[in-house]
Amino acid sequence: MMACAFVLILFIQLLPIPGSWWFALPGHRQYAAIVETLPELNGWRPLSMVPDATLNSLFATIVPLSALLLLSMVSIKRVTLVLHMLLGLAIVSALIGSLQFSGGLVPNPFINDTPGEVGGLLANRNHHALLLAAGIVLTAHWYMNGASKTISRLIIAALLASWLLLILLATGSRAGLSLGLIAIVGALTLAWRGIGPAFSASPRWMRIGIAIIPIALLAASFLQDRARSLNRAIELDAGSDMRVRALPTVLQMVRDFFPLGGGFGSFDTVFRSYEPADLLSIRYFNHAHNDLLELVFEGGLPALILLIVGIGWYAHRSFRVWQPPPSQIVLAGRAASLIVLMTGVASIVDYPLRTPSMAVLLCVCGVALSRASARGTHAVGTLPDGMSAL
């Protein structure tokens with residue numbers, strides 16, 4: 001229902017309305033002088049300020065909606081398998097990030113990556129940091145999903161999580177520091193019940209090694225000045241950060257176009273007409289770098305209502321999966337809950353869900369959270385008759 005409501009907002013923004021109505025909309029009147037010089041623009045036109053960008057946004061929903069539709073037709077066990085596949089994706093991205101960090105050139109023909117950055121499979125280091133943080137949580141889920149919590153499985157999980165954290169710190173993403181902290185705390189919380197039995201069944205020297213090796217790896221990273229994310233956080237000057245400097249302008253745009261919004265995909269174009277001279281540079285401000293504010297600007301009150309409903313749904317479902325006792329299905333829901341939380345935190349300073357792969361990640365976690373928190377037959381992986389027939 002939430003997905004359909006979002007698509008409906010996009011359709012409404014593309015419906016043509018009379019020019020007189022268009023100028024009467026909040027934020028639109030300031031462009032009247034431009035249209036008066038171009039009589040051909042005086043006719044009917046869509047509500048969106050940039051209709052072609054909104055149409056592109058509509059087509060962009062095909063990827064996450066396809067994932068949502070397909071996952072809604074499979075059992076929770078299959079969704080758990082997809083979570084493991086996403087862990088594999090995070091590992092592949094970390095491998096590429098390791099090569100990039102070591103100075104190796106890994107050109108990617110599919111993305112507009114920045115040479116010298118540890119971006120892995122993604123063009124944006126903040127998005128890469130989110131994927132790696134999700135991988136840390138999924139590592140804990142992989143460990144707990146095993147039939148037996150052996151010490152060898154625990155060692156593999158601890159080393160894998162430590163390596164993912166090291167690559168995360170190497171990305172240079174300041175937001176990644178917060179995501180990494182949430183991921184580590186969440187992973188330990190998720191796997192705590194399984195760590196105890198594995199520890200008690202192992203020799204003392206092995207327990208000490210499991211505790212020391214990850215700490216030693218992180219300490220070596222700091223001593224060798226390899227933790228670029230931490231360095232950038234320490235050197236941060238809030239007054240020179242573009243996100244902070246552009247925030248008043250973004251808030252003004254939100255106020256001017258509320259409650260109907262400027263249209264999805266229109267932020268970049270509209271921002272150019274608001275951008276003050278002191279923000280001009282050779283780099284353009286393509287997004288608000290606060291996806292919550294950008295969502296309200298582009299979608300207005302309908303998008304804000306949908307956002308509040310979505311947060312409420314997430315809080316309700318998360319509360320249910322974090323109630324004891326844990327099971328294999330519930331553990332998948334808990335991992336999904338943590339990843340959705342990290343996605344929300346990342347969206348405060350960036351725009352991860354505007355990347356198709358991150359949008360699919362959210363859909364996978366949404367389905368896992370929904371199934372794990374359900375009561376009745378759906379929680380054990382069965383489907384309604386009609387869905388099974390399909």
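Cys 4 is exposed, with a relative accessible area of 58%, where exposed means over 50%, buried under 20% and partly exposed in between (1.4 Å probe, protein chains only). This is a predicted model, in which local features need pLDDT of at least 70 and side-chain atom pairs count only at pLDDT 80 or more, while totals for chains, interfaces and linings use all residues. Residues are numbered from 1 along each chain as its sequence is written, and side-chain values use heavy atoms, leaving out hydrogens and water.

**Cysteines**
- Cys 365 is buried, with a relative accessible area of 0%.
- The closest cysteine sulfur to that of Cys 365 belongs to Cys 363 and lies 9.4 Å away, too far for a bond.
- With a disulfide taken as a pair of cysteine sulfur atoms within 2.5 Å, the count comes to zero.

**Helix α6**
- Helices are DSSP runs (H or I, at least four residues), numbered from the N terminus, and α6 covers residues 76-101, 26 residues in number.
- From first C-alpha to last, α6 reaches 37 Å, close to the 38 Å expected at 1.5 Å a residue, the expected span being 1.5 Å times one less than the number of residues.
- The buried residues of α6 include Ile 76, Leu 83, Leu 87 and Ala 94, and the buried residues of this helix pack against α5, α7, α8, α15 and α16.

**Ala 346**
- Ala 346 is found in helix α15 and is buried, with a relative accessible area of 6%.
- Not counting residues up to four places away in sequence, Ala 346 touches Leu 130, Leu 179 and Pro 352, contact meaning heavy atoms within 4.5 Å.
- Ala 346 and Ala 175 are 171 residues apart in sequence, yet 6.6 Å apart in space, C-alpha to C-alpha.

Terms used: Helix = DSSP H or I, 4+ residues; strand = E, 2+ residues; numbered from the N terminus.
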